Amino acid sequence: MTGFLLLLLSTSVFGATINNDWRVVGGQNAPDGAFPYQVSIRVAGEHNCGGSIIDATTILTAAHCLSGFEDMRMDITVGSNTLNPSGDWYEIAERRIHELYNPMESVKCDIGLLKLKTPLVFSDKVKPIKHLAVDYVDSGADCVLSGFGMMKFPGPAANELQYLDVVTVSVAKCRGMWDAAGWEYLAIDDTQVCTLTRSGQGACKGDSGGPLVTRSGVQIGIASMANPCALGTPDVFTRVSAYADWIEKNRN
């Protein structure tokens with residue numbers, strides 16, 4: 001699948017076979033408790049996507065992590081840097097997908113929320129993200145991406161949470177590099193934010209829906225799209241600030 005767009009599970013968009021579950025390539029094992037907002041979204045018990053805690057009953061993730069799984073049991077696990085053994089399990093009460101999300105037409109509005117049946121019990125290892133971005137972040141912002149990380153693609157999934165330091169690039173540069181890679185019809189725009197380090201580092205299978213967070217603790221992105229994996233094309237995230245009103249309206 002190298003060279004294909006990584007976005008949706010078992011779906012064809014823009015004529016390409018694409019897949020939804022990224023994992024971090026070229027990252028490091030996360031220190032215990034370093035990312036207390038990180039969750040693992042489980043479908044039928046298996047890790048499918050990442051997400052972030054925004055309050056005691058709400059998880060922020062990508063729409064494509066929720067779409068197509070309506071008839072399958074979904075839970076989250078929190079408070080652990082490993083998939084197995086996992087942390088504490090919480091059952092999902094409701095899935096909320098942006099009403100304009102349509103993967104057959106575009107990759108925009110790739111944002112969703114999970115509502116939990118019971119509130120999270122917060123601790124040193126389970127905490128909400130400090131802040132959700134409301135302002136536009138341009139190029140040159142130092143950020144960290146976290147996820148349960150495959151070290152290479154294709155390859156086996158790592159069991160330990162991975163993290164990777166990344167830097168945002170301008171939308172114009174991001175769009176130009178995706179265009180040059182043959183994906184000009186994706187039309188990357190200001191509702192998305194991109195990061196790029198170097199070839200051999202980036203998002204990959206298993207990490208969709210996970211948070212992109214600045215050094216000051218502000219979540220600016222939700223992992224949405226990659227050219228698998230770590231091939232030197234910018235990773236693309238849903239820009240949180242572009243959907244601040246939608247998040248506020250739908251989290252309650």
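Me: Which residues lie nearest the centre of the largest cavity?

Reply: Those are F35, G79, S80, N81 and K125, out of 14 residues that line the largest cavity. Keep in mind that this is a predicted model.

Me: What volume does the largest cavity have?

Reply: Its volume is about 90 Å³.

Me: And what classes of residue make up the lining of the largest cavity?

Reply: The lining has 7 polar, 5 nonpolar and 2 charged residues.

Me: How many cavities does a search of the whole structure find?

Reply: There are 2 of 30 Å³ or more. The second largest cavity has a volume of about 60 Å³.

Me: Ok, which residues line the second largest cavity?

Reply: Among them are L164, V166, T195, L196 and T197, along with A230, L231, G232 and T233. By class, the lining of the second largest cavity has 6 polar, 5 nonpolar and 1 charged residues.

Me: Changing topic: how many helices and strands are there in the chain?

Reply: The protein chain has 16 strands and 2 helices.

Me: What holds paired strands together in general?

Reply: Strands of a sheet pair through backbone hydrogen bonds, and the pairing can be parallel or antiparallel.

Me: Now I'm curious about L132. Where is L132 found?

Reply: L132 is in strand β10, made up of residues 131-132.

Me: Why does L132 count as partly exposed?

Reply: Because its relative accessibility is 22%, and buried would mean under 20%.

Me: What does L132 touch?

Reply: Leaving out residues up to four places away in sequence, L132 touches I54, L60, V218, Q219, V240, I247 and R251. There is also A244, which is 112 residues from L132 in sequence, with 7.9 Å between their C-alpha atoms.

Me: And for the whole chain, what share of residues counts as buried?

Reply: Of the 252 residues, 56% count as buried. As for contacts between residues at least 6 apart in sequence, 73% join residues at least 24 apart.

Technical notes:
Residues are numbered from 1 along each chain as its sequence is written. This is a predicted model: local features need pLDDT of at least 70, side-chain atom pairs count only at pLDDT 80 or more; totals for chains, interfaces and linings use all residues. Side-chain values use heavy atoms; hydrogens and water are left out. Helices (H or I, at least four residues) and strands (E, at least two) are DSSP runs, numbered from the N terminus. Buried means under 20% relative accessible area, exposed over 50%, partly exposed in between (1.4 Å probe, protein chains only). Contact means heavy atoms within 4.5 Å. On a 1 Å grid over the protein atoms alone, a cavity is a set of points where a 1.4 Å probe fits but cannot get out, and a pocket is an open set with protein on both sides within 12 Å along at least five of seven lines; lining residues have an atom within 4 Å of a point. Grid points are joined across faces, edges and corners, and a volume is the space filled by probe spheres set on the points. Ala, Val, Leu, Ile, Met, Phe, Trp, Tyr, Cys and Pro count as nonpolar, Asp, Glu, Lys and Arg as charged, and the others, Gly among them, as polar.
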